[in-house]
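The following note is intended for a colleague who meets this structure for the first time. Its points may be read in order beside the sequence and the model.

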Amino acid sequence: MTSITAYEAGASQLLMGNEAIARGALEAGLGFASAYPGNPSSEILGSLAEVAREMDIYAEWSVNEKVALEAAAAASFAGVRAIVAMKQNGLNVASDFLMNLNLTGTVAGLVLVVCDDPSGLSSTNEQDSRPAAKWAELPLLEPANSQEAKDMTKWAFELSEEIKNVCLVRSVTRVSHARGDVRLGEPMAPSREARFAPTTLGQFTPLLVPIKHSFLHQKVNKAREIFESSPFNWYTGPEKPELLIVTCGSGWNYSLEAVKALGLESSVGILKLGTTWPLPEKLVQQHLARTDKVLVVEEVNPFLEGNLKELVGDTFATLGPLTFYGKRSGHLPTFGELDPDRVMGALGSILGRERVAVEPDYAKKAQALTGSLVQARMIGFCAGCPHRATLWSVKNALKLDGRGGFVTGDIGCYTMGLGPTGFFQLKTVQAMGSGAGLACGFGKLDKLGFDQPVLTVCGDSTFFHAAIPALINGVYNQSNFTLIILDNSATAMTGFQPHPGTGASALGEPAPTVDPEGLCRSLGIRVEVADPFDLQDTTQKLLDLMQDDSGVRVLISRRKCALVRAKEEKPAYKVRVDTEKCRGESCGCARLCTRIFQCPGLVWDDETHTAKIDEVICTGCGVCADICPASAIIREVA
Amino acid sequence: MKDKDPLNVIVTGVGGQGNVLISQLMGSALVRSGYHVTIGETYGASQRGGAVMSHLRISRQAQYGPLIPHGQADVILGLEPVETLRVLGQYGNPGVMVVTNSRPVYPLAVAVGIAHYPSVEEIVKALEELSRKAWMINATDIALDLGASILANIVMVGALVAADVLPLAAQEFELELQESLPTDRLDLNLKAFRRGLAELKAR
């Protein structure tokens, strides 16, 4: 598709929120960009990497978010404007460094973009990252659409340099993964005089802590002062509204829509805040004074609501009593993402207006005609996915072992191993690398009566990100578990970004390859390598490792992602079902091949009552030939 | 229909059908003609057989939010029939115009024999009763005839443009294809678009 530098300044381009953030950084004279992939943030670094050669700037996929922030901070220390991007979970990984960087301060503009995922559309949580701004005492900007995403990111670099500290930009899925027309500005060349030159003792440390902390407060006050006149905060509506909506980010879109749909333009005003921490107190008070009823619209937690109430508490004598509506009052949900209908519902119930979204007759007819026809489309492993094959062997090895062993899971495509296409094998899933960390603990419970074998899985990218310290911990503390590295040579879930094991850089250039096998062996770990498509060998190796029962063992289950193979290779096999041999429903297997194995390429034919191959979907991996007890699935070398 | 402001269009289908791409192409073409366009997309499940939906808000006046309120779709472009019904149930109204592909993509539960897919009669009945007008196009067959099932999405855009429900002319979309696609893929996509145009015009 069209790159973020394809159009001239002054033109309008349809840009995804994340592309707009990247474009804003280029217009600010960005020199350095780093990130670890994670939805909904991945396209920020992705689109910068795409133009990095042309713009002669540096872009990298870092091994994790903490290193990404550290690397970007180094660029800032050397006088180069830098951006670092991550999803909400990533901010937690980076926060150890962030909580020292805030006291240290920065030199050239440093912008940290965090993309939250309300409703956890592609995440394990729906963490609201904004309290991190308050916690770390760093200024926070919240764009509402692509145009603002570009403009705010550009401005964030200036703000960062004004106050000599990191500036946070917080986006959400409905901004990052929405597209909108953006009026483009001129890209700017970065400074090419990078030099690290400390002028005072301890300048690049948080020491002496209380003094640096007092400096941090001065910076916050300066940011607040700047925010008082920021063009990213504005009011629309009547002079004295019956109700004032205070909103930010995605909430602003829904508020506008709701006010318009209910025809409340003459009675409801909207204060749209782009700078949400520290609050521009004078500006906010001036607008709160317009009315005595306030509705706060924001995603996900009542962060803005809490800060507004704090301010009202401090200024009660001048503002007088106000009634607040929002998440605390129960007018808006405290979990899940917002949408225009939810905001219309809140407005309607506060002001006693009823809005009929869908005519009841139509709604009834729609329910009657479509309700029973429309089923959930569950997501699962793709046809030919190596994870399905590995987890099949895991299931069988655990059964053969018979001691009640189990698998702790991790973050990636294979998280779907919790569900039917992974045969429900994963029993825990938390954070990046946590499967191995949990395994360390389970593997040390033998003194306390524990005797189950412990398996844990992680992907290749997750291995580099956070599993290595847990693995070393397991070796050092002589824990007892088997780590299965699901090496599919890709960060598949987030869009195939390269990582240290792939031999390619963010720009697609050759890079040194870090070999997980050699790394594990260097720790003195017993390592086996298996091809997951060889079910018998994989199952046997797993059994051997499980029954070795001493220390940490590693199985590398190595096979490229099916989506990558489809682009690079011809199918290995032509697969078909021999309908003479397939006994259909009368076979004792109870449709093992389709009902249990659940590959989208192997389907049940309702007419012939046998299994059949869907040739459009089948990738020719041939694994299903090994699971049919009647040997009715035939695999021929293609 | 096409003068309504904002015009609310939903493109729906299954991950892997190229739903996001056509929303983006139509959106870019409309921005080129001076419209404000916002597109809200459901990502994440897009490569793994999940339902995928894009909301397009098209306006001469302002940028709208990325989510269309319930019951407020003006146009639905469906790449998969049951996904079209899913969207109709939530966002439909008596005035909605629908153009949908007739070829099913079976959910995994149907493929592996633990659920059933609705019959063509059931689908057609629901489409007719829940829309002002609905067209069913066998876009996948046309695409296969051109050599690649993936082209069904572009065939469907052709049909949608021919239905004259968007402020988007055929030559404007063709210009977008020329600007956005590498030359080796352009010819086939232009063919697919024109086949879709012709298919609906012939109705």
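1. Helices (H or I, at least four residues) and strands (E, at least two) are DSSP runs, numbered from the N terminus. On that basis, A:Gln478 is placed in the loop between α17 and β18 (481-487) of chain A. This is a predicted model, in which local features need pLDDT of at least 70 and side-chain atom pairs count only at pLDDT 80 or more, whereas totals for chains, interfaces and linings use all residues. Residues are numbered from 1 along each chain as its sequence is written, chains are lettered from A and ligands numbered from 1 in the order in which they are written, and side-chain values use heavy atoms, with hydrogens and water left out.

2. Helix α17 (residues 460-476) of chain A is kinked by about 65° at A:Ala467, shortly before the proline A:Pro469. The bend at a residue is the angle between axes fitted to the seven residues ending there and the seven starting there. Among the buried residues of α17(A) are A:Phe463, A:Phe464, A:Ala467, A:Ile468 and A:Leu471; buried means under 20% relative accessible area, exposed over 50%, and partly exposed in between (1.4 Å probe, protein chains only).

3. Just after α17(A), A:Gln478 takes a positive phi of about 50°, although A:Gln478 is not a glycine. With a relative accessibility of 62%, A:Gln478 counts as exposed. A:Lys164, also not a glycine, has a positive phi of about 55°. A:Lys164 belongs to the loop between α6 (146-163) and β7 (167-172) of chain A and is partly exposed at 37%. Most residues other than glycine have a negative phi, and most peptide bonds are trans.

4. Two cis peptide bonds also deserve a check. One runs from A:Asn39 to A:Pro40, with omega near 5°; A:Pro40 sits in the loop between β2 (32-35) and α2 (43-55) of chain A. Another joins A:Leu207 and A:Leu208, with omega about -5°, and A:Leu208 is in the loop between β8 (178-183) and α8 (209-228) of chain A.

5. A salt bridge is a side-chain nitrogen of Lys or Arg within 4 Å of a carboxyl oxygen of Asp or Glu. By this rule there are 49 salt bridges over all chains. A:Arg174 pairs in this way with A:Glu337, the closest N and O atoms being 2.8 Å apart. The pair links distant parts of the chain, 163 residues apart: A:Arg174 is in helix α7 (residues 173-176) of chain A, and A:Glu337 is in the loop between β14 (323-325) and α13 (340-351) of chain A. Both A:Arg174 and A:Glu337 are buried.

6. Within helix α11 (residues 303-314) of chain A, A:Lys309 and A:Glu305 lie 4 residues apart, about one turn of the helix. Their side chains form a salt bridge (2.9 Å, N to O). A:Lys309 is partly exposed at 30% relative accessible area, whereas A:Glu305 is buried at 1%.

7. In chain B, the side chains of B:Arg194 and B:Glu174 meet in a salt bridge (2.7 Å, N to O). B:Arg194 lies in helix α8 (residues 183-201) of chain B and B:Glu174 in helix α7 (residues 170-180) of chain B, so the pair ties together parts that are 20 residues apart in sequence. B:Arg194 is partly exposed at 43%; B:Glu174 is buried at 13%.

8. Finally, a network of salt bridges links A:Asp116, A:Asp128, A:Arg130, A:Glu142, A:Arg170 and A:Glu298.
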